[in-house]
Structures are given as C-alpha cells and as structure tokens.
Amino acid sequence: MRLSRIIMALTVGLAVVAVPTAAGAAAPQPQPTATTDPPQPPPYPPTAASLTVNRPTIYLGETVVLTGTNFGPNETVDITVTVTPQAAPAGGAAPARRSDGSTVAMAPVAYQASAPLHFTAYTNGQGRFTKSYKPSVTGLLTFTATGRESGRTASTELRVLHKKQPLPVTGDSIGTPMKLGGGLVGAGAVMLLLTLAWRRRQRFGGAAH
C-alpha cells in the first residue's frame, strides 16, 4: 500500500514538472524582425537645374544677365565660359568703301579688359541666382554652371557680334565731293564769262547801227 502511494506521488510530480515544459514548447516563439531604415528624401528638389540669358544675341560691349534656377539652396555655383570664334564676319558690320569700290579694312576695337572665363555665383534659399556678365570677345559663348554641393549642372549659349561701326571718312571720300564742287564752280565761271561777252557784244553792236 505504501509502495503504491510512493509511485502515485512520483507520477503526479512528473506530471506537474512536464506541464510547464509542454506549455512553453507549445507557445509560439517570437520571430526576429528585420530592421530597415525608412527611405530618406533627396536633399534637393528633383527638378532639373536651368541656366538662361536675358538676350541670346548682343553686340560687343553690351551686358547680359545670367539666371540659374533649381540649384541647391544657399550654395556656391561655379560658372565656366567656352568661346567658339565666329567662322564668318559679324552680321550687320558693313565694310567701308572707297570711291573706286575697294574696301577699307577695319580693326576691331577693344571695349574693355578681358572678361573672366571662370567665375562664381551664389544661390538664395530657393536655389536661384542672377549674375551680370560683359563679354570682351566675339563669337559663340557657352556658359556652364555647376553647383558645388548639389552637383547640379546646366548650360546656355550667347552670341556676341562686333559692334556696328560708322563708315570712316577717307581721303577718297573727301576728294570726290571736292572734285565735284570744283567742277561746278568752274562751269559757273565759264557761263558767267560767256554771259558778259554776249552782253558786251549786244551793246557795241547796237551802238554801231
């Protein structure tokens, strides 16, 4: 009898110990979750940067205004200028001509010191800037602007022509009017002498009759 009680007590103890173990095994284990950083917004607006000039064609000695937009806010923008010389004489610059039809060569006039081919501009909080520029050479000028922090870049072109020159007064230009005037004076003197001679002849001829 005592032995059966001992066996029963051992059975109950094993059952008590086994219940939490089974419960722990049956409980769902938490699964590890992958940690990912949320996507960061781009530091600058996705719109492409742009660069424009207020006038596409000017004459040497005039000034243009460069305008850049959609660059980084409050950043330094480096601007480079590439010059392509004109292949033909500037339009609108008619050569001076002598009276015999030959042309007079006209040397270009230096209007200012050499303009820089590398300079900087500074954007405001909206990524916009304006910069004045006065070219010192003729040809096709290409401006390229690059933001130092944003890396955004844009370009635009400007055509610079020789300024229209007044026709110079040459020796031949003065000589032709003087020759024409001298001829008219001479013809007038001859006509005056002929008139006086005719009147004198009429007077003396009438007296003889």
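Start by selecting aspartate 78, which is partly exposed at a relative accessible area of 27% (buried is under 20%, exposed over 50%, partly exposed in between, with a 1.4 Å probe and protein chains only). This is a predicted model, in which local features need pLDDT of at least 70 and side-chain atom pairs count only at pLDDT 80 or more, while totals for chains, interfaces and linings use all residues. Residues are numbered from 1 along each chain as its sequence is written, and side-chain values use heavy atoms, with hydrogens and water left out.

Arginine 148 sits in the loop between E9 and E10 and aspartate 78 in strand E4, so the pair ties together parts 70 residues apart in sequence (strands are DSSP runs of at least two residues, numbered from the N terminus). Arginine 148 is exposed, at 53% relative accessibility.

The whole structure has two salt bridges. For another pair, select glutamate 62 and arginine 55, whose side chains meet at 3.1 Å, N to O.

Now move to leucine 158 in strand E10, residues 153-161. Leucine 158 is buried, with a relative accessible area of 0%.

Finish at phenylalanine 143, whose contacts beyond four places in sequence include Leu51, Ile79, Tyr133 and Leu158.

Methods:
Helix = DSSP H or I, 4+ residues; strand = E, 2+ residues; numbered from the N terminus. Contact = heavy atoms within 4.5 Å. Salt bridge = Lys/Arg side-chain N within 4 Å of Asp/Glu carboxyl O.
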